Amino acid sequence: APYSLTSFIAEMMSRHSSGNHSERNRKWDYEAVMRKFASTHFDSGCNVVIAAHFHNPYIDKSGSGENIKTLLSLGDWKTQFSYGEWIGDSLSLQKFT
């Protein structure tokens, strides 16, 4: 398919999906879903879980010393301007300014 047609279809699907975020957020507690998902991975030995596609930016760190567990939800770079940054051993949630 020509690029302009596929680009148009992708844009229309994105707009339709974006319009449904508030309704989905009322139905689901995405933060609880992500925490439950992350806890299974933390229990199996992972120290970091990064989530995307939930449009809910936050970072949660628990534990201490060598046993710090980090859950990062990237949010949405198009409307919330959030992104994750991992430098050395430091993971953070940032925002484009």
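View A. Helices and strands here are DSSP runs (H or I, at least four residues, for helices; E, at least two, for strands), numbered from the N terminus. A quick note on the model: it is predicted, so local features need pLDDT of at least 70 and side-chain atom pairs count only at pLDDT 80 or more, while totals for chains, interfaces and linings use all residues. Residues are numbered from 1 along each chain as its sequence is written, and side-chain values use heavy atoms, leaving out hydrogens and water.

View B. H3 covers residues 30-43, 14 residues in total, and reaches 20 Å from first C-alpha to last, close to the 20 Å expected at 1.5 Å a residue (the expected span is 1.5 Å times one less than the number of residues). Its buried residues are Tyr30, Met34, Ala38 and Phe42. They sit on the same side of H3 because they cover an arc of only 100° around the axis, taken from the directions from the helix axis to the C-beta atoms. On the face turned away from that buried side you'll find the exposed residues Lys36 and Asp43. Buried means under 20% relative accessible area, exposed over 50%, and partly exposed in between (1.4 Å probe, protein chains only).

View C. The structure holds two salt bridges, each defined as a side-chain nitrogen of Lys or Arg within 4 Å of a carboxyl oxygen of Asp or Glu. In one, glutamate 31 meets arginine 35 (2.6 Å, N to O); these two are four residues apart in helix H3, so about one helical turn separates them. In the other, arginine 35 meets aspartate 60 (2.6 Å, N to O). Arginine 35 is in helix H3 and aspartate 60 in strand E2 (residues 58-62), so this pair ties together parts 25 residues apart in sequence. Through shared partners, Glu31, Arg35 and Asp60 form one network. Arginine 35 is partly exposed, at 33% relative accessible area, and aspartate 60 is partly exposed at 26%.

**View D. Leucine 93 and its neighbours.** Leucine 93 lies in strand E5 (residues 90-95) and is partly exposed, with a relative accessible area of 26%. Leaving aside residues up to four places away in sequence, leucine 93 touches Pro57, Tyr58, Ile59, Leu72, Ser73, Leu74, Ser82 and Tyr83; contact means heavy atoms within 4.5 Å. Its C-alpha is 8.2 Å from that of serine 73, 20 residues away along the chain.
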